[in-house]
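Subject: Structure for your review

Dear colleague,

Please find below the structure that I am handing over to you. My notes on it follow directly after.

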Amino acid sequence: MAQLHVGMFRITVSFFALMCLVLSASAQTTQGLSALQQAIEDTASARADYVFQVEHTFAGESFQALFAPRGQPHITLISPASRDSLSEQLRTDFDYIAEHTEGIPWCATEMLAHIRDLRLVRQDDAVAVFSFQPTARSVTGEQTRQVVSHLRGQITIDKARRDVSHVRLFAPRPFRPYPIALVNVYTVTTTCALAPNGRYYVSEQTRQVRSNAFGRSFNIDVVRRNRVLPFSQ
């Protein structure tokens, strides 16, 4: 009988410990969602129009452009001087950026409100890092939207500034978007820097894809850098 009581006590303790872990994880998720929502709201409140320079590189070829919120057009090519000097791919990229850029891209964007399964990975006094499941509404770029179900994400929140300072999307394992194609690496990394208003903006975003199809290897390396200029507003 004593052994039975001891066994029941151990089961009770184990169940209590498990419930504590579940409640702790739930509380951390709630805190993470609250911190992320606060970052999004604070950035929206502090939003400002800045003049900034864009440097876009695809497969080793680059162009530089200037975004001016009061310019007509908003984006003008700096280097090379003529759009006709760009390769076909860079012309496509420049046209896309010119059409879709409305201002400096912020790190705590409203799109992040659509991520799922936010879970605390680690934290210290300065930052908290969460994993999450991206969705089609939380990412940019048609290609990334098409493969988003195969990706996971990590987001870093600067505790002192209550802002998003880093975001990374990645494929945890190889996947087949189509039967004939295998993607071994798919990574989108967003690095942030402080704007004059004290909020983080996207200073660099890189996309790296390593895939195979039809017996051939395909590599994609894209880097886009944004730099707020001193005479911003």
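How do the residues of the lining of the second largest pocket divide into nonpolar, polar and charged? They divide into 5 nonpolar, 5 polar and 3 charged. In this count, Ala, Val, Leu, Ile, Met, Phe, Trp, Tyr, Cys and Pro are nonpolar, Asp, Glu, Lys and Arg are charged, and the others, Gly among them, are polar.

Please note that this is a predicted model, in which local features need pLDDT of at least 70 and side-chain atom pairs count only at pLDDT 80 or more, while totals for chains, interfaces and linings use all residues. Residues are numbered from 1 along each chain as its sequence is written, and side-chain values use heavy atoms, with hydrogens and water left out.

The pockets

A pocket is an open set of points on a 1 Å grid over the protein atoms alone, where a 1.4 Å probe fits, with protein on both sides within 12 Å along at least five of seven lines; its lining residues have an atom within 4 Å of a point. A volume is the space filled by probe spheres set on the points, which are joined across faces, edges and corners.

The second largest pocket holds about 200 Å³ of space. Of the 13 residues that line this pocket, Q31, A35, A128, F130 and K159 lie nearest its centre. Two or more lining residues come from each of α1 (2–46), β4 (116–123), β5 (127–133) and β6. Here helices (H or I, at least four residues) and strands (E, at least two) are DSSP runs, numbered from the N terminus. The most is given by α1, with 5 residues.

The largest pocket has a volume of about 1600 Å³. Its lining has 48 residues, and P105, M111, T140, Q205 and R224 lie nearest the centre. By type, the lining comprises 22 nonpolar, 16 polar and 10 charged residues. Among the elements that supply at least two residues each are β7, β9 and β10 (200–213), while α2 gives the most, with 6.

Buried means under 20% relative accessible area, exposed means over 50%, and partly exposed lies in between (1.4 Å probe, protein chains only).

Two strands pair if DSSP finds at least two bridges between them. Strand β6 (residues 152–158) runs antiparallel to β7, and 7 bridges join them. In this pairing, I157 has V164 in β7 as its bridge partner. The hairpin of β6 and β7 has 4 residues between the strands, and R162 takes a positive phi near 55 degrees there. Strand β7 also pairs with β9 (residues 181–194), in the antiparallel sense over 5 bridges. There, V167 has T190 in β9 as its bridge partner.

Two residues in detail

Q154 is found in strand β6. Q154 counts as partly exposed because its relative accessibility is 24%. Q154 and V167 are 13 residues apart in sequence, yet 5.8 Å apart in space, C-alpha to C-alpha. Leaving aside neighbours within four places in sequence, the residues in contact with Q154 include V121, F130, H166, V167 and R168. Contact means heavy atoms within 4.5 Å.

R168 lies in strand β7. Why is R168 partly exposed? The reason is its relative accessible area of 31%.

With kind regards
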